[in-house]
Amino acid sequence: MTPSKVSLVADIGGTNTRVALAQGTVILAQTVHKFRNADHPGLAAVLKLYLRRQDDVDCDGACVAVAGPVRDGRATLTNLNWAIDRAMLAEVARAERVAILNDLQAQGHALDHLEKSGLRSVVAGQDGGPHAAKLVIGVGTGFNAAPVYNTETGRYVPPSEAGHGNLPVLDETDLRLSRFLADATGFASVEDVLSGRGLTHLYSWISQEAGERKDLSPVQVMDAVAMGRDPLARRTGQAFSRLLGCVAGNLALATLPFGGVFLAGGVSRAIAPYLGGFGFEAAFRDKGRFGSFMEQFSVSIVEDDFAALTGCASHLAGLS
């Protein structure tokens, strides 16, 4: 392995951090390691431990994707008490080129490098051409979205914090849900429903509406959906799918992703087998007189768990 051609890349979520080495835009699969964030005081400790395990390889570049806003070379994670900056990253990795991306930016930079086998079609659409905009939506520990603009001068993936806007309210049922969330969290945001903890919130609310509140973890909710014996879990899956379709459709109208909408993250992958039967497509296209317009946008699930790492490597390669 030639040190000058190796980059350090990391995907930092609210629960786990994945770290790997890359050559160009290719992730070296045998070097991928996952660390549980709660076991470490910060990213520097994780990266130092990782590099020791990789014989202290000297990296030419380093790029990390974080689940939180990035500004002026500094990042603060939304669901994790870690602060990250370029100076620390350059020192730990001994790298000449460093970058910090929002995790959805990294997913966006990865889209053109994913194998077709790493994508699952959810909603068919039309081919938008090589310069068509795309939209990546992340549903996992949190929720976020980022447009991807493939122009003649390069790829641009602006950051956002789309998960912290208001949850849409379309009818009295949505209003009751919004009030339930506001009582519990102080504000009914998109992320409070369309995320891991969102599954818990939805199940708690639906069971309360049914007469007896029950609280399940996200894993327990999805296990109950899979087993098919809990009608409350099924209703939770249906409500989640409908709201995800509604929000994804709103974001599509705001960004016009004729190149497709891509759902990423662990919760997206978990709910993927049920979206077809739980009303996602109808909710995605339910935009009044713009319903037929929505038929142009395809929707796919990103099943490649290393996509954000690939995006980091792609971004670094573009800085060369």
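## A buried pair of rings

In this predicted model, F35 and Y50 are both buried. Their ring centres lie 6.5 Å apart and their planes meet at 80°, so this pair is edge-to-face.

Where do F35 and Y50 sit along the chain? F35 belongs to strand 4 (residues 33–36), while Y50 belongs to helix 1 (residues 43–53), so the pair ties together parts that are 15 residues apart in sequence.

F278, with a relative accessible area of 9%, is buried.

Next, turn to helix 3 (residues 103–110) and helix 10 (residues 307–319). Their axes come within 7 Å and cross at roughly 75°. Helix 3 and helix 10 are therefore roughly perpendicular to each other, since angles of 65 to 115 degrees count that way.

Which residues make the contact? Helix 3 contributes A106, Q107, H109 and A110. From helix 10 come A307, A308, T310, G311, C312, S314 and H315. Sorted by class, the contact of helix 3 with helix 10 has five nonpolar residues, six polar ones and no charged ones.

## Cysteines without a bond

C312, one of the contact residues of helix 10, brings us to the cysteines. A disulfide is a covalent bond between the sulfur atoms of two cysteines. How many disulfides does the structure hold? The count is zero.

Two cysteines show why. The sulfur of C312 has its closest cysteine sulfur in C63, 3.8 Å away, which is too far for a bond, because a disulfide needs the sulfur atoms within 2.5 Å. For C59, the closest cysteine sulfur is also in C63, but at 12 Å it is too far for a bond.

Both of these cysteines are hidden from the surface: C312 is buried, with a relative accessible area of 0%, and C59 counts as buried at 1% relative accessibility.

Note on methods: Residues numbered from 1 in each chain as written. Predicted model: local features only at pLDDT ≥ 70, side-chain atom pairs only at ≥ 80, totals over all residues. Heavy atoms only, no water. Axes fitted to C-alpha atoms, helices over the stretch in contact; angles between N-to-C directions. Helix = DSSP H or I, 4+ residues; strand = E, 2+ residues; numbered from the N terminus. Parallel < 35°, antiparallel > 145°, perpendicular 65-115°, else oblique. Contact = heavy atoms within 4.5 Å. Nonpolar A, V, L, I, M, F, W, Y, C, P; charged D, E, K, R; others polar. Phe/Tyr/Trp six-rings, centres within 6.5 Å; stacked < 30°, edge-to-face > 60°. Buried < 20%, exposed > 50% of the residue type's maximum accessible area, 1.4 Å probe, protein only.
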